[in-house]
Amino acid sequence: MTGVPTAADDVRDGAGPFRASVLTLYPEMFPGPLGVSLAGRALEAGRWALEPVQIRDFATDRHRHVDDTPAGGGPGMVMRADVLAAAIDAAAPEGDRRPRILMTPRGRPLTQARVRALAAGPGAVIVCGRFEGVDDRLVRRRGLEEVSIGDYVLSGGEIAALVLLDAVVRLLPGVMGNDASGETESFETGLLEHPQYTRPPVFEGEPIPPVLLSGDHGRIARWRREEAERVTRERRPDLLPPGR
Ligand code: 6GU
């Protein structure tokens, strides 16, 4: 944890800044990219806190094993329930109100609505899965919410945890530079964003669409809405209301 309390801290429930505990075999991957730019400056300012926890520190055998062969046979290794339980109980003792999340490709897809809810809460305890998976008894007995960031397989949950935290941190009070830009962006309006242009007015012979230089704000708003619908229909028809 860094920095002193700021005005942004007391708007979340009087409970201090958003606090993320990340349980991982690779704590050196954190804060990683979240240590620079918007998220990094907010971390240094104490608007959020990050506590990486080395799962291996909670192993009990001489060789500090955190995984074992899958019951019933098969390839790969499974993370042990007892080791992970000890790590979770140390990072989030009884009474810790933060949601507990397991990053896994088997999880429910992460959505902007879930990101918004997390950002409004006290923080998160995030378990990064590795190997073939995690003992399912641990998932149920510690109430882990299984979350995926998309339909592809990563080598571990760490990069997925960084994605989730990036999405959350930019919504925390005082973190995002231009607060109005949050209201028009993709997934907040329910549509993908319209295309954007800036200077120069002609690039390699291609002009900016003239409507954007017309000064007619009604026409501009209509063009942007139509373009947002067109792009969404082409790329993500699943986001459109039925019949659009
Ligand atoms: Cl959360 N973890 C891993 N290992 N792979 C993923 C994922 C998570 N989400 C999509 N692919």
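**Pockets first, then strands**

Me: How much space lies in the second largest pocket?

Reply: The second largest pocket holds about 340 Å³ of space. A pocket here is an open set of points on a 1 Å grid over the protein atoms alone, with protein on both sides within 12 Å along at least five of seven lines; its volume is the space filled by 1.4 Å probe spheres set on the points, joined across faces, edges and corners. Keep in mind that this model is predicted: local features need pLDDT of at least 70, side-chain atom pairs need 80 or more, and totals for chains, interfaces and linings use all residues. Residues count from 1 along each chain as its sequence is written, and side-chain values use heavy atoms, without hydrogens or water.

Me: Which residues line the second largest pocket?

Reply: Lining residues have an atom within 4 Å of a point. There are 14 here, with L110, T111, Q112, I149 and F187 nearest the centre.

Me: How do the strands β3, β4 and β7 line up?

Reply: Strands of a sheet pair through backbone hydrogen bonds. Here the order is β3-β4-β7 in an open, mixed sheet, where a pair needs at least two DSSP bridges. β3 and β4 (78-79) pair antiparallel, with D67 opposite M79.

Definitions and conventions:
Helix = DSSP H or I, 4+ residues; strand = E, 2+ residues; numbered from the N terminus.
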